[in-house]
Amino acid sequence: MALDLFKEKGVPVERQAFTWKDLVRRPYSKMDDDAFTRTRVILMNGIEADALRMKHIFARLSLELRPHLALVRRAEHHQQTLVNWLTPPDQKVIETTLGFEQLAIEVTASVAIHEPDPYLAQTYRFGMLEDFDHLYRYSALYDRLEGQDPNNITQSYTDIIPGRPTSVEHRHPLDDLRRPYDRKAADPLSKLHAMTITASEFQTHDYYMTVGPTFTDPVARQLYAEIASIEEQHVTQYGSLMDPGESLLEKWMLHEAMEVYNYHSCLAYETNPRIKEVWQRFVDYELGHLHYVMELFKSLEQRDPAEVLPRTLPEPIAFKEHREFVRKVLSQEVDMRSDGTEYVDKSQLPPDHRTLVYQAQLNSEGSPSETAAAGYKWRPGTELAAKAERMGSVLEGRRLQ
Amino acid sequence: MSKDTLADVGMNRTGIKTSPVDSKDIIAEAERAEPSSPGDARAIAEVRKQYMREAGDGLGRVPPPASLKGMAKTAVDMLKGGKPTVLIDKLGERLAFERTGVRLYEGALSKLEVFGSWEGGPSRELLMKILDDELSHFALLTEALEKLGADPTAMTPSADLTSVISMGVPAAISDPRTNLRQATQALLVAELTDNASWELLIDLARGLGHDTLADRFTLALDAEAEHLALVKGWLASGVATEARAPMDSASVPAQP
């Protein structure tokens with residue numbers, strides 16, 4: 001049953017209360033829970049982080065909205081804490097990183113499939129192939145740093161193979177900008193999609209910037225530096241899909257609807273009952289926020305929220321594997337490049353194109369993503385499994401002299 | 001190229017004696033202030049205990065046997081009164097540890113190439129031999145798990161726990177600022193754990209009636225015992241070499 005955004009009022013903001021014990025609850029299991037539970041926790045942490053970020057920026061821009069933003073933001077801060085603290089402490093930073101990239105691939109694929117606007121859909125496919133390559137690079141790093149199998153995290157949902165090579169993803173900033181949707185003409189789903197993916201990429205950027213320096217290995221530090229740079233490009237790319245003509249309140253109201261939509265999608269797919277309960281609670285909290293902002297929209301802007309919001313929520317984001325779709329896009333669009341806001345084949349970029357000049361300079365002292373994954377082929381049990389097979393076991397009893 | 005060691009003298013600002021005037025002042029101020037709430041460090045333990053009681057299934061569980069044949073074999077074990085998942089869990093742990101061990105010795109080999117060795121220190125040949133042993137132990141454990149019908153690619157709870165416990169070992173070795181002597185200290189942690197864990201695994205396998213397996217594991221333990229003796233020896237001679245060096249020297253010269 002589709003959720004009616006106008007009828008369902010959720011929990012009012014003033015009744016959204018937490019305790020420290022409530023915020024820090026039992027995490028999911030890194031090994032027993034479904035990989036998509038991990039990706040949902042990552043996604044919703046990113047969505048809440050974006051809710052906070054946006055509200056802080058808006059508070060700098062509007063004295064009128066400031067108290068309202070402060071009220072709703074506090075609830076969202078605590079929602080973010082509860083969600084993010086569901087991450088189990090035995091999940092290492094690089095394992096969480098693999099979860100980030102798997103999320104980026106699968107959620108962007110779902111969004112690309114359901115996006116009604118062809119230009120926006122192409123943008124999602126374009127970005128997805130890049131995150132797809134990041135999963136491969138980080139997998140190689142995980143295997144080679146620790147001798148561990150990245151598929152233990154991705155659970156055979158997602159291919160671990162190269163996409164558009166990270167080394168050619170580095171673009172001149174002006175080649176990351178995209179044409180925004182038109183706030184009056186765009187399908188509401190397009191707006192929800194753009195906000196979702198921007199939020200998700202923003203948290204990925206922030207996460208890599210935070211955890212990159214925690215590694216001792218120089219290639220790991222370089223790889224996080226390199227991929228963080230692409231995430232910054234992705235934030236630029238996806239952020240520019242949004243119409244700057246929307247008012248602050250319009251953007252805020254859409255953001256709350258997007259939060260409802262995302263929690264609602266998580267709820268539709270969650271397999272862990274303890275986590276499902278969290279998604280249900282936060283669907284209700286976000287509906288409370290949405291209705292709070294709808295009232296502001298009516299009173300301060302004298303506009304009808306129905307001008308902007310869909311009556312009911314669209315089909316949920318599909319938390320499932322999209323291997324067939326990803327492989328098809330990979331085979332058809334891996335050589336796409338960007339020239340300004342448009343997509344072209346790589347053969348169409350002249351050798352002195354600003355992006356090629358920029359890329360050559362950045363890669364001039366070597367490419368971390370190429371180094372980390374040099375000759376890398378994932379196989380079950382890590383790339384060492386093949387070597388061990390050749391080596392044979394200690395049946396004869398190897399001895400040191 | 002040279003590399004200073006742990007024991008070289010230089011500016012270090014961590015001690016209280018670095019700032020005699022300021023430290024006296026902050027100590028006095030800390031003595032004057034009262035804690036904001038009563039109690040002591042046991043308050044933390046109370047919260048930990050509360051969370052322990054609510055921890056549910058713990059880290060995770062051992063996956064079910066993957067093949068029908070394995071299921072039959074496991075069922076036989078169950079009839080004998082054993083809980084085969086314990087063995088599978090520990091085999092999975094050893095497998096993951098040996099595989100990580102290969103990466104550790106790869107790291108040690110890089111250190112050797114840059115910083116060189118010392119008298120009584122590791123040679124390339126010996127490091128390579130240990131690396132190969134770790135690989136063959138990985139192969140042995142893969143084989144053992146497959147025979148029991150278990151999935152050798154699964155991360156078992158004990159494998160996960162051991163990797164959390166030893167998280168600092170690969171980090172210490174991949175840090176470009178540590179030299180081969182310091183890396184050897186990290187290898188010692190790994191080898192000590194390795195030896196004790198193989199011993200435990202052999203007892204467990206024998207106790208469950210897997211004598212053939214236990215015999216083969218004994219060969220692996222023999223190799224591990226030699227690794228431990230070697231690593232201990234390298235470390236001892238490395239530290240001694242350093243201690244004998246003049247105060248102002250950088251003790252470990254690099255090989256070109």
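**Salt bridges and pockets in the predicted model**

In this predicted model, E250(A) is buried, because its relative accessibility is 2%, below the 20% cut-off. The side chain of E250(A) pairs with that of R183(A) in a salt bridge, with N and O 3.8 Å apart. E250(A) belongs to helix α9 (residues 248–269) of chain A, whereas R183(A) sits in the loop between α6 (151–154) and α7, so the contact ties together parts of the chain that are 67 residues apart in sequence. R183(A) is partly exposed, at 25% relative accessibility.

Over all chains, 50 salt bridges were counted. Another of them in chain A joins R53(A) to D206(A), with the closest N and O atoms 3.2 Å apart. This pair connects helix α2 (residues 35–61) with helix α7 (residues 188–211) and therefore ties together parts 153 residues apart in sequence. R53(A) is buried, with a relative accessible area of 16%, while D206(A) is partly exposed at 30%.

In chain B, a salt bridge links R181(B) and E242(B), whose closest N and O atoms are 2.7 Å apart. R181(B) lies in helix α8 (residues 180–207) and E242(B) in helix α9 (residues 211–244), a separation of 61 residues. Both partners are buried: R181(B) has a relative accessibility of 7%, and E242(B) one of 11%. A network of salt bridges with shared partners joins D143(A), R144(A) and E383(A) with R103(B) and E106(B).

The largest pocket holds about 780 Å³ of space. Its lining comprises 28 residues, with R26(A), P27(A), Y28(A), A55(B) and G58(B) nearest the centre. At least two lining residues each come from α10 (273–301) of chain A and α2 (42–53) of chain B; the largest share, three residues, is that of α2(B). The lining of the largest pocket is made up of twelve nonpolar, eleven charged and five polar residues.

The second largest pocket has a volume of about 520 Å³. It is lined by 21 residues, and those closest to its centre are L145(A), D217(A), G107(B), S110(B) and S174(B). In chain A, α5 (118–146), α8 (218–239) and α13 (368–372) each supply at least two lining residues, as do α4 (84–115) and α7 (168–174) in chain B. The greatest contribution is that of α4(B), with eight residues. By class, eleven residues of the lining of the second largest pocket are nonpolar, six charged and four polar.

Note on methods
Residues are numbered from 1 along each chain as its sequence is written. Chains are lettered from A and ligands numbered from 1 in the order in which they are written. This is a predicted model: local features need pLDDT of at least 70, side-chain atom pairs count only at pLDDT 80 or more; totals for chains, interfaces and linings use all residues. Side-chain values use heavy atoms; hydrogens and water are left out. On a 1 Å grid over the protein atoms alone, a cavity is a set of points where a 1.4 Å probe fits but cannot get out, and a pocket is an open set with protein on both sides within 12 Å along at least five of seven lines; lining residues have an atom within 4 Å of a point. Grid points are joined across faces, edges and corners, and a volume is the space filled by probe spheres set on the points. Helices (H or I, at least four residues) and strands (E, at least two) are DSSP runs, numbered from the N terminus. Ala, Val, Leu, Ile, Met, Phe, Trp, Tyr, Cys and Pro count as nonpolar, Asp, Glu, Lys and Arg as charged, and the others, Gly among them, as polar. A salt bridge is a side-chain nitrogen of Lys or Arg within 4 Å of a carboxyl oxygen of Asp or Glu. Buried means under 20% relative accessible area, exposed over 50%, partly exposed in between (1.4 Å probe, protein chains only).
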